[in-house]
Amino acid sequence: MTQIGPFDLEKKAAVIAVILEKPLETSKKAAEKGADILEVRLDLLGIRDPESAAKIIREIKSETGLPILVTNRSGTEGGKWEGKEEDRTGLLAALLSLKDGPDAVDIELSASREDRDKVIKAAKAHGKTTIVSSHDFSKTPSPQEMTAILTEMFTAGADIAKLAVMPGSLEDVLNLLKVTLEFKNAGKAVCTIAMGNPGKHTRVVAPLYGSLLTYASVESDAAAAPGQLPVDEVKKIMEMLK
C-alpha cells in the first residue's frame with residue numbers, strides 16, 4: 001500500500017497544498033479549500049533548525065489534522081536553501097525521527113548519495129514515506145531518459161518517484177503522460193508534472209494516467225512552481241473528471 005500518513009494513495013490521487021509563507025495561517029486556509037496533504041517548504045519558509053521546524057509541524061498538524069510532507073529544496077532544483085548541503089539534508093533526517101513529525105519527506109535524486117541515503121534511511125527507520133524527486137526547469141527529457149530517471153529513483157529507495165519537467169510542446173506533455181501510464185501499469189508509484197503553461201493541464205490530468213500526487217497553490221498569486229493552480233480549482237476539476 002502506498003500512503004502518506006493515513007491517506008491511501010491507491011484509492012485516489014492526493015492534492016498537495018504547498019505551504020511557502022505564514023505556515024499556520026496558510027495551512028488552515030489550505031485545509032478549508034480541501035487539500036489532502038500539506039507540503040511544508042522549509043527552504044521557502046526560511047526555517048533552518050529542527051526545533052523551529054518541529055514546532056511548526058506540530059502546530060499545523062494540531063490545527064488541520066492533515067498529513068505533512070516536509071521538503072527542504074536545494075537551489076539546483078528550484079529551492080531557496082542557503083547553506084551547507086549536509087545541514088539541509090540533516091534537518092530533514094532529524095525531523096523524521098520525531099514521533100509527531102512529518103509523515104513523508106522529499107529528497108532530490110541529485111543530492112549526493114551519502115546525503116540522500118541519510119534521509120531515506122531515516123524515513124524507512126521511522127516508517128515515513130519517501131519521495132525521491134527530480135526537477136528539470138529547462139526541458140523535457142526523452143521518454144527513454146524519463147524512464148531511466150524514474151527507475152533510478154526506485155533503485156535509490158523511493159516509495160514514490162517524482163519527476164517534474166518543462167515541456168516545449170504538447171508532444172513533450174504526451175511523452176510524459178505515456179511514461180506515467182507505463183509506470184502505473186507496472187504497479188509503480190509515481191508523481192509526474194509538466195510545468196509552465198503547456199503543461200498546466202497535467203496538474204489535473206496526470207492523475208488519470210497514474211500520477212499519485214498533484215501539487216497546488218493555496219493562493220492564486222503564490223505558486224511554488226510554474227503552472228501551479230489553486231487547491232480548490234484543482235479539487236473541483238479532478239472531481240469533474242472522475
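In this predicted model, lysine 12 contacts Phe7, Asp36 and Lys235, leaving aside neighbours within four places in sequence. Lysine 12 sits in the loop between β2 (7–8) and β3. Its relative accessibility is 43%, so lysine 12 counts as partly exposed.

Lysine 22 occupies the loop between β3 and α1. Its phi is positive, about 35°, although lysine 22 is not a glycine. Most residues other than glycine have a negative phi. Lysine 22 counts as exposed because its relative accessibility is 54%.

Helix α1 spans residues 23–32. Its buried residues are Pro23, Thr26, Ser27 and Ala30. They cover an arc of only 100° around the axis and therefore lie on the same side of α1. The cover over these buried residues includes β3 (14–19), β4, α2 (42–45), α3 (50–64) and α9. Glycine 34 follows α1 and has a positive phi, near 105°.

The UniProt record, an unreviewed entry, places the feature "binding site" at Glu39, Val40, Arg41, Arg73, Arg203 and Gln228. Valine 40 is in strand β4 (residues 37–41). With 1% relative accessibility, valine 40 counts as buried. Not counting residues up to four places away in sequence, valine 40 touches Ile19, Leu45, Ile60, Ile68, Leu69, Val70 and Thr71. Arginine 41 is also placed in strand β4. It counts as buried, at 6% relative accessibility.

The whole structure holds 14 salt bridges. One of them joins the side chains of arginine 73 and aspartate 106, at 2.9 Å from N to O. Arginine 73 lies in the loop between β5 (68–71) and α4 (85–96), and aspartate 106 in strand β6 (residues 104–108), so the pair ties together parts that are 33 residues apart in sequence. Arginine 73 and aspartate 106 are both buried. Arginine 73 is also among the positions that UniProt lists under "binding site".

A salt bridge also links glutamate 108 to arginine 88, with the closest N and O atoms 2.9 Å apart. Glutamate 108 belongs to strand β6 and arginine 88 to helix α4, so this pair ties together parts that are 20 residues apart in sequence. Glutamate 108 counts as buried, at 1% relative accessibility. Arginine 88 is buried, with a relative accessible area of 1%.

Aspartate 115 and lysine 118 meet through their side chains in a salt bridge of 3.4 Å, N to O. They are 3 residues apart in helix α5 (residues 113–125), so about one helical turn separates them. Aspartate 115 is buried, with a relative accessible area of 11%. Lysine 118 is partly exposed, at 32%. Elsewhere, salt bridges that share partners join Arg73, Glu85, Arg88, Asp106 and Glu108 into one network.

A nonpolar patch on the surface is formed by Leu181, Leu208, Tyr209, Ile237, Met240 and Leu241. Together these residues have about 510 Å² of accessible area. Helices α8 (202–209) and α9 (231–241) each give two or more residues to the patch. The most comes from α9, with 3 residues. Methionine 240 lies in α9. At 62% relative accessibility, methionine 240 counts as exposed. Helix α9 is also included in the cover over the buried residues of α1.

Technical notes: Residues numbered from 1 in each chain as written. Predicted model: local features only at pLDDT ≥ 70, side-chain atom pairs only at ≥ 80, totals over all residues. Heavy atoms only, no water. Patch = residues over 30% accessible without salt bridge, like charges linked within 9 Å, V, L, I, M, F, W, Y side chains within 5 Å. Areas by Shrake-Rupley, 256 points an atom, 1.4 Å probe, with all protein chains shown as cover. Salt bridge = Lys/Arg side-chain N within 4 Å of Asp/Glu carboxyl O. Helix = DSSP H or I, 4+ residues; strand = E, 2+ residues; numbered from the N terminus. Buried < 20%, exposed > 50% of the residue type's maximum accessible area, 1.4 Å probe, protein only. UniProt positions renumbered as here; feature names shortened; annotations may be inferred. Contact = heavy atoms within 4.5 Å. Arc of directions from axis to C-beta.
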